Amino acid sequence: MLETGKTFERIQPVVMKRLQQAFEKERLAHAYLFEGPAGAGKREISGFFAKLLLCENPVQNVPCETCRSCRLYESGNHPGISTIKPDGQFIKIDQIRELIAMMSKTGFTSGRKIYIIEEADRMNQSSANALLKFLEEPGQDVTAILLTERLHSIMSTIRSRCQLISFQPLSREVLLENLKGSGMALSLAATVSMLTQSAEQAALLAEDEQFLQQRKTVLKLVTAVAADIHEALLMVQSDWLPLFKEKEDAERGLDMLLFAYRDIASAKAGLETVYTYPDMEETWKQMALQRSYTALSDQLQAILQAKQQLPRNMNRTLLMEQLMLNLQEG
Ligand SMILES: [Zn+2]
């Protein structure tokens with residue numbers, strides 16, 4: 001999904017500029033620590049950077065894609081790159097030892113060597129200590145790239161030996177563009193990009209049967225409550241409660257409901273925005289005509305209030321029924 005240098009420049013402009021400038025000026029650090037939320041492109045950009053560092057003919061700070069090194073990279077077994085990730089719960093000391101042995105080998109492959117440690121926060125104490133020594137004396141032409149979503153769990157001694165590169169969460173706009181680029185339908189991409197900032201999670205949601213069912217139910221409920229409160233109350237029992245049983249689902253359900261009313265408010269205000277449910281555009285426009293700003297504002301408020309009550313373990317049935325009554329028209 002996230003492949004070319006251009007895509008990376010769009011999703012992480014600051015990170016890309018820093019890395020490409022360091023490369024251009026030959027001011028490379030021995031070790032980098034990429035930190036930031038899931039789905040922000042850390043793994044993809046670590047791959048890009050490794051490929052760039054090893055490329056034989058880089059053009060304008062982008063790998064050439066045609067040299068021997070670039071082709072080896074694409075084949076997935078470049079001898080100059082080692083990647084490790086947790087084996088079970090932790091990154092074990094043997095993994096680190098093996099990695100160091102690989103990086104210390106000479107003559108095997110000439111030139112730079114790169115190692116990437118995914119989920120670096122999952123090194124246990126002994127692994128981290130073993131790595132620490134190597135970070136202090138990495139030897140010639142060895143570059144480390146550590147990745148983490150939990151910067152606070154990285155030992156401060158490790159952190160202080162790495163150049164910190166912070167990744168921002170993807171903006172909705174960028175995420176939406178990428179999801180569409182990967183072939184996801186706009187209606188679905190528009191919804192999932194409201195619920196997560198991670199391209200990975202967005203893709204998972206879009207393939208989740210239960211989520212697709214939840215989406216349908218939210219839209220059905222919005223139209224039901226506008227037309228007939230009794231039908232809406234029945235739907236809460238028969239459709240909503242069984243589908244949104246888990247707390248996490250219940251929360252997401254209310255968010256999805258909130259976004260529907262936000263869509264209607266955007267339609268009323270004539271905002272040029274990508275709806276959460278673009279497939280409902282015509283319905284939203286009609287609904288927007290039928291209600292006042294005050295009514296819409298009360299409805300949004302009612303959903304927010306229900307969201308606040310959710311963690312207090314209030315009876316879920318009661319909470320949803322009360323919400324339906326608050327959302328009904330007139
Ligand atoms: Zn190349």
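The radius of gyration is taken over C-alpha atoms, and the globule rule against which it is set is 2.2 Å times the number of residues to the power 0.38. For a compact globule of 330 residues, this radius would be near 20 Å, whereas the protein has 25 Å. The model is predicted.

**Overall form**

- Taken along the principal axes, the box filled by the C-alpha atoms of the protein is roughly 80 × 40 × 30 Å.
- The secondary structure comprises 16 helices and 5 strands.
- Buried residues account for 48% of the 330 residues of the protein.

**Zinc site**

- The zinc ion has as its protein donors the SG atoms of Cys-55, Cys-64, Cys-67 and Cys-70, at 2.3 to 2.4 Å from the ion.
- Along the chain, these donors follow the spacing C-x8-C-x2-C-x2-C.
- The arrangement is tetrahedral because the 4 donor atoms subtend angles of 102 to 119 degrees around the zinc ion, and four donors count as tetrahedral if all angles lie between 85 and 135 degrees.
- For reference, the ideal angle for four tetrahedral donors at a metal is 109.5 degrees.

**Largest cavity**

- The structure contains 1 cavity of 30 Å³ or more, and the volume of the largest cavity is about 40 Å³.
- The lining of the largest cavity is formed by Trp-240, Leu-241, Phe-244, Ala-250, Leu-254, Leu-310, Arg-316, Leu-319 and Met-320.
- By class, the residues of this lining are 8 nonpolar, no polar and 1 charged.
- At least two lining residues come from each of helix 12 (229-243), helix 13 (247-269) and helix 16 (316-327).
- Helix 16 gives the largest share of the lining, with 3 residues.

**Second largest pocket**

- Two or more residues of the pocket lining are given by each of helix 3 (42-54), strand 4 (142-148) and helix 10 (199-206).
- The lining of the second largest pocket divides into 7 nonpolar, 3 polar and 10 charged residues.

Key
Residues numbered from 1 in each chain as written. Predicted model: local features only at pLDDT ≥ 70, side-chain atom pairs only at ≥ 80, totals over all residues. Heavy atoms only, no water. Donors = N, O, S within 2.8 Å, 3.2 Å for Na, K, Ca; no water. Tetrahedral: all angles 85-135°; square planar, octahedral: opposite > 155°, others 65-115°. 1 Å grid on protein atoms, 1.4 Å probe; cavity = no way out; pocket = protein on both sides within 12 Å on 5 of 7 lines; lining within 4 Å. Points joined across faces, edges and corners; volume = space filled by probe spheres on them. Helix = DSSP H or I, 4+ residues; strand = E, 2+ residues; numbered from the N terminus. Nonpolar A, V, L, I, M, F, W, Y, C, P; charged D, E, K, R; others polar. Buried < 20%, exposed > 50% of the residue type's maximum accessible area, 1.4 Å probe, protein only.
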